[in-house]
Amino acid sequence: MVGAVPRAEADTRADRTISSGARGRARRIGIVCAFVPLSLALVQCGKAPNPAALAANSQANTQVVAKTSSNASPQQVASGDTFNDRFPAPQFKERFPSASESFLQRQMSDFSPKRAVQQPEPAPYKVASLEPQIPYKRPAREDLTTLISMKSSAFPYYGNNPASEAPFLNISKGERRGHRSYSGRVYWQDETYSDSRVMMHVPEHFDARKPGVIVVFFHGNGATLERDVRDRQLVPQQITDSGANAVLLAPQMAVNAADSSAGKFWQPGGFKRFLAESTEHLARLYGDPNSARAFANMPIVIVGYSGGFLPTAWSLEVGGISDRVRGVVLLDAVYGELDKFASWIENHRSSFFVSSYTRYTARRDRELMSMLRQKGIGVSEDMDGPLRPGSVVFVETANGITHRDYVTRAWTQNPLKDVLVKMAATPSLALTRVAASSSASSSR
């Protein structure tokens with residue numbers, strides 16, 4: 001009996017061990033069985049739903065519910081658990097606002113990435129500083145042509161006519177004053193001799209840091225700056241098309257009148273004052289105030305057309321700046337003042353002189369040629385060769401060339417352009433060609 005107690009206790013422990021092991025296995029099997037459907041559901045959730053499968057499932061569920069729900073009618077089940085009930089089609093009211101509502105208006109910029117506000121770039125130079133300053137950088141620009149009023153321009157003029165030493169304004173009518181020309185016609189100051197404007201032209205390619213030239217153009221009779229010099233005679237365009245490093249000054253002479261009066265250019269030093277005043281205007285138009293010094297020392301070419309011979313001759317004679325004149329071009333313009341032209345040619349053998357003429361001025365041109373040959377100055381009678389310092393050229397043009405079109409058609413199309421191209425091709429004339437010339441413009 002004593003030994004029976006230990007054996008019974010051992011059997012009891014064995015039974016407990018067996019029952020606890022069975023319960024553990026049952027518990028594990030139950031857990032596994034519970035997680036198998038869940039895992040299948042999780043696997044299914046990882047896939048996008050198929051609309052066809054959703055529709056089929058919806059119909060199957062409706063049939064199952066109809067069979068299992070004896071109290072629910074088929075119409076009630078179908079209307080409450082169909083595919084359309086679960087995924088209804090959009091309604092008009094959900095797409096468009098009612099009368100009391102409105103859409104929030106959006107712009108494409110609302111959907112673009114937000115950018116930081118750009119701050120303006122600092123100026124490329126300092127206005128006032130003890131620190132080293134960055135050199136001035138001229139902004140990019142296009143050709144600039146403008147009209148600027150200048151005190152030293154030809155008119156208004158209140159002095160004397162040097163040909164007669166009589167006052168230029170030699171006629172009056174009440175408070176109105178005017179000038180009686182050699183032809184006897186009266187031109188009034190307020191209509192003909194009061195425009196002080198000067199046409200200035202700076203091509204886009206012009207560079208004040210390189211050797212250049214200032215072209216001064218004296219127009220003929222019956223002209224205005226806009227209508228004739230710019231639009232009909234194409235003087236600014238010829239300068240640009242030449243590609244030469246050149247700018248233009250063209251003062252308004254007598255406005256639309258048959259009069260060649262020189263105005264302030266009759267006065268001693270008048271041409272010098274005109275060039276001095278123009279330097280600040282040219283520098284401002286060019287865009288670099290420091291370029292005024294370059295303009296003040298730049299050589300000059302004077303072009304006189306028709307009646308422009310008179311201010312050209314007097315500027316060479318008494319202008320006070322004839323040493324800066326690198327060349328003179330007369331376009332059918334030798335109507336007089338032969339002694340002034342001959343004197344300047346003789347005293348400036350490093351400059352060039354070109355006179356192109358029609359039958360209207362042929363006699364005077366031949367007379368001037370004779371005067372120069374008597375002084376021992378060689379004369380050429382064609383423009384085919386290069387233009388060099390000291391060149392003196394007279395060119396007679398064909399009968400078909402008209403005086404009115406002479407600025408755009410003389411010995412060649414656009415003769416002013418041709419002169420500048422020839423100048424730039426001669427290094428000794430110190431003129432840079434900084435741009436390729438464009439095709440010749442047709443005359444108007």
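**Figure 1. Contact between helices α8 and α14 in the predicted model.** From α8, the residues V235, Q238, I239, D241 and S242 take part. They meet P415, L416, K417, L420 and V421 of α14. By type, the residues of this contact split into 6 nonpolar, 2 polar and 2 charged.

**Figure 2. Packing geometry of α8 and α14.** Two packed helices are described by the angle between their axes and the distance between the axes. Here α8 covers residues 235-242 and α14 covers residues 415-424. Their axes lie 8 Å apart, at an angle of about 30°. Angles under 35 degrees count as roughly parallel, so α8 and α14 are roughly parallel to each other. The crossing of α8 past α14 is right-handed.

**Figure 3. The largest nonpolar core.** This core holds 63 residues. F271 and F353 touch the most other members. Helix α9, residues 270-286, supplies the largest share of the core, with 7 residues.

**Figure 4. Surroundings of F353.** Neighbours within four places in sequence are left aside here. The contacts of F353 then include V328, L330, F341, W344, I345 and L368. F353 also contacts S391, V392, V393 and F394.

**Figure 5. The whole protein, for orientation.** The protein has 14 helices and 13 strands. Of its 444 residues, 41% are buried. Among contacts with a separation of 6 or more, 75% join residues 24 or more positions apart.

Terms used:
Residues are numbered from 1 along each chain as its sequence is written. This is a predicted model: local features need pLDDT of at least 70, side-chain atom pairs count only at pLDDT 80 or more; totals for chains, interfaces and linings use all residues. Side-chain values use heavy atoms; hydrogens and water are left out. A nonpolar core is a set of buried Ala, Val, Leu, Ile, Met, Phe, Trp, Tyr and Cys residues joined through side-chain atoms within 4.5 Å. Buried means under 20% relative accessible area, exposed over 50%, partly exposed in between (1.4 Å probe, protein chains only). Helices (H or I, at least four residues) and strands (E, at least two) are DSSP runs, numbered from the N terminus. Contact means heavy atoms within 4.5 Å. Axes are lines fitted to C-alpha atoms, for helices over the stretch in contact, and angles run from 0 to 180 degrees between N-to-C directions. Angles under 35 degrees count as roughly parallel, over 145 as roughly antiparallel, 65 to 115 as roughly perpendicular and the rest as oblique. A crossing is left-handed if the near helix is turned anticlockwise from the far one by less than a right angle, and right-handed if clockwise. Ala, Val, Leu, Ile, Met, Phe, Trp, Tyr, Cys and Pro count as nonpolar, Asp, Glu, Lys and Arg as charged, and the others, Gly among them, as polar.
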